[in-house]
Amino acid sequence: ETKAPSNFIRQIIDRDLAEGKNDGKVVTRFPPEPNGYLHIGHAKSICLNFGIAESYGGSCNLRFDDTNPEKEEDEYIQSIKQDVQWLGYQWSGQERFASNYFDQLYDLAVGLIQKGLAYVDSLSPSEIAEYRGNFTTPGKPSPYRERSVEENLTLFEQMRNNKLEEGEAVLRAKIDMQSPNISLRDPILYRIRKKTHHQTGDKWVIYPMYDFTHPLSDAIEGITHSLCTLEFEDHRPFYDWVVENTSVTTTPRQYEFARLNLNYTLTSKRKLKQLVDEGYVNGWNDPRMPTISGLRRRGYTPSSIRTFCESVGVSRADSVVDMAMLEAAIRDDLNQHAPRAMCVMNPLKLVIENWDEGKEDVLVAPVHPQNEARGTRQVPMTRELYIDREDFREEANKKFKRLVLGDRVRLRYGYVVRATDVVRDDQGEIVEVRCTYDPDTLGKNPENAEGQGKMRGVIHWVSADKALPCEVRLYDRLFSVANPNKELEEGQTFLSHINPDSLTVLENCLVEPGLRGALAETRYQFEREGYFCVDQDSTENRLVFNQTVGLRESWPK
Ligand code: ATP
Ligand code: MG
Ligand code: MG
């Protein structure tokens with residue numbers, strides 16, 4: 001286990017522990033709203049919250065912030081649980097729901113009314129917004145602000161008992177309409193929403209607001225350090241107000257850190273949902289998506305994502321992280337761990353004229369060239385092979401380290417061959433290369449090579465008879481500009497910057513036969529090509545691979 005690098009939040013915790021705060025306990029939570037799939041930004045929050053709990057011997061809750069019944073779905077709840085576990089974390093006890101606390105929250109709201117700290121406002125939503133003012137205009141009090149405690153209690157009960165219509169009344173905290181901090185200008189605590197809730201059904205027609213629910217859920221669960229992103233900084237005084245003025249017994253504290261932004265993609269559930277709903281991608285787990293499930297399908301490992309989050313660090317300075325950094329994390333991981341295989345993506349037949357028809361050799365290749373302990377694999381070799389079209393030229397200068405007519409290359413793990421001729425179709429396109437092989441070159445260099453042409457390099461290949469047909473999906477950036485939210489002209493949205501070439505499907509690829517039956521999510525290095533992973537669309541007769549990342553950083557192209 002490597003020690004997590006320190007950051008300003010860990011320093012706060014160290015100080016709290018040194019001062020004996022919270023009885024020496026560290027309790028964090030990860031609080032997603034189940035209104036979409038988790039993305040790489042959430043992974044940062046997950047790694048932070050669960051990572052802190054792990055290293056301080058504390059615990060971390062998974063809590064669904066489910067105060068918005070209209071946008072939430074069970075599918076999202078299931079996917080979030082799966083993604084957190086896949087990343088390698090387990091929450092403490094059962095997963096929790098803010099809606100578990102609706103009864104308690106209602107009572108705490110009644111308590112605020114009784115203290116004269118909350119009132120039912122009958123202004124319309126647009127009037128409330130207008131009265132609230134903005135950064136330059138002070139707010140002004142609602143005419144309903146001075147309702148009596150009794151009247152407020154009666155009206156709040158009527159709200160709860162479905163006696164009022166949506167938009168007719170809200171419950172507001174009574175704080176300060178003149179506050180320079182707009183979130184203290186009598187924020188709304190409850191609104192009427194006549195929607196069935198995925199957890200509480202039709203029990204409620206009023207729902208608490210996030211800013212009221214969150215501090216109370218934290219307090220009820222005994223959270224000590226409530227970590228959220230910087231946009232909640234202005235809400236912190238209200239967070240503290242709620243904890244202080246309700247009869248909860250613990251005092252959670254909120255700390256803010258910078259969101260993770262990645263270039264060439266988006267970390268906003270709302271926008272990612274739009275990509276899914278409008279068919280720009282094939283679902284939330286499309287391998288081009290920055291969702292955890294998309295990255296998983298693309299071939300990312302949990303540890304590569306954790307390594308990435310750790311190297312990004314935790315700070316209070318907003319920044320945009322280069323996608324290349326995420327790719328480097330998976331490349332390093334797969335370079336170390338992925339077994340090797342040969343896959344020909346753009347097949348061109350290579351016939352060995354001096355190889356007997358029907359003869360088959362079984363060549364032995366390492367599973368991982370830098371790790372002997374991984375053992376070997378068997379690669380059948382026959383008279384007819386396929387090589388990549390890109391690996392052959394009739395003529396080329398000396399920089400071309402592949403097969404050229406008249407010259408030689410080594411077939412990876414096999415023999416040295418020399419191209420002798422080409423066969424063309426009616427259109428004049430080369431459909432076959434003829435060659436001869438030198439039987440004395442397995443694992444050693446040719447001895448007498450005079451007049452045999454230049455020895456150029458090593459290429460990969462598969463046996464034409466034995467290889468498995470497969471499909472390979474190549475991916476490029478989802479957006480063609482670094483920041484899809486910027487550089488927008490009149491009438492454009494982030495959708496205008498979608499990269500039309502983010503997916504290329506190669507239907508006629510061939511992979512070595514040892515991969516038969518490979519399970520979804522098995523990852524390989526296809527030698528000379530990059531890292532690939534078996535897709536869930538694979539069938540018994542046809543494997544489908546997703547390109548995870550290239551062998552080397554290749555952006556911009
Ligand atoms: P989105 O805008 O994508 O919907 P959100 O913040 O509304 O994000 P939540 O479901 O509320 O999504 O997020 C759960 C937790 O993950 C929160 O604590 C939130 O601060 C954190 N989080 C969300 N996005 C990021 C991000 N890009 N970087 C770091 N943490 C994030
Ligand atoms: Mg949120
Ligand atoms: Mg959101």
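I number residues from 1 along each chain as its sequence is written, letter chains from A and number ligands from 1 in the order in which they are written. For this predicted model, local features need pLDDT of at least 70, side-chain atom pairs count only at pLDDT 80 or more, and totals for chains, interfaces and linings use all residues.

**Entry 1: the recorded site.** I looked up the UniProt record, an unreviewed entry, and found Asp-65 and Tyr-210 listed under "binding site". UniProt positions are in the numbering used here, feature names are shortened, and annotations may be inferred rather than shown by experiment. The two are spread over 146 residues of sequence, yet they cluster in space, with a largest C-alpha distance of 7.6 Å.

I placed Asp-65 in the loop between β2 (59-64) and α3 (74-86). Tyr-210 is in helix α7 (residues 210-221). Helices (H or I, at least four residues) and strands (E, at least two) are DSSP runs, numbered from the N terminus.

Why does Asp-65 count as partly exposed? It has 19 C-beta neighbours inside 10 Å. I call a residue buried if 20 or more other C-beta atoms lie within 10 Å of its own, exposed if 12 or fewer, and partly exposed in between, with C-beta atoms placed from the backbone. Tyr-210 is also partly exposed, because it has 16 such neighbours inside 10 Å.

Next I checked contacts (C-beta atoms, placed from the backbone, within 7 Å). Leaving aside neighbours within four places in sequence, Asp-65 touches Pro-31, Pro-32, Glu-33, Ala-98, Tyr-210 and His-214. On the same terms, Tyr-210 is in contact with Asp-65 and Thr-67.

**Entry 2: ligand 1.** I found 16 residues around ligand 1, the closest being Pro-32, Gly-41, Ser-45, Thr-229 and Lys-269. A residue is near if its C-beta atom, placed from the backbone, lies within 6 Å. Elements giving two or more residues to this shell are α2 (40-55), β8 (225-229) and α9 (269-277). Which element gives the most? That is α2, with four residues.

**Entry 3: helix α6.** I looked at α6 (residues 149-160), which has 12 residues. In α6, Asn-152, Leu-155, Phe-156 and Met-159 are buried. Seen down the axis, the buried residues of α6 fall within an arc of 100°, so they line one face of the helix. The arc is that of the directions from the helix axis to the C-beta atoms. Their cover includes α4 (102-114), β4 (118-121), β5 (170-173), β6 (188-192) and β7 (206-208). Just after α6, Asn-162 takes a positive phi of about 65°.

Notes: Contact = placed C-beta atoms within 7 Å. Expected span 1.5 Å × (residues − 1).
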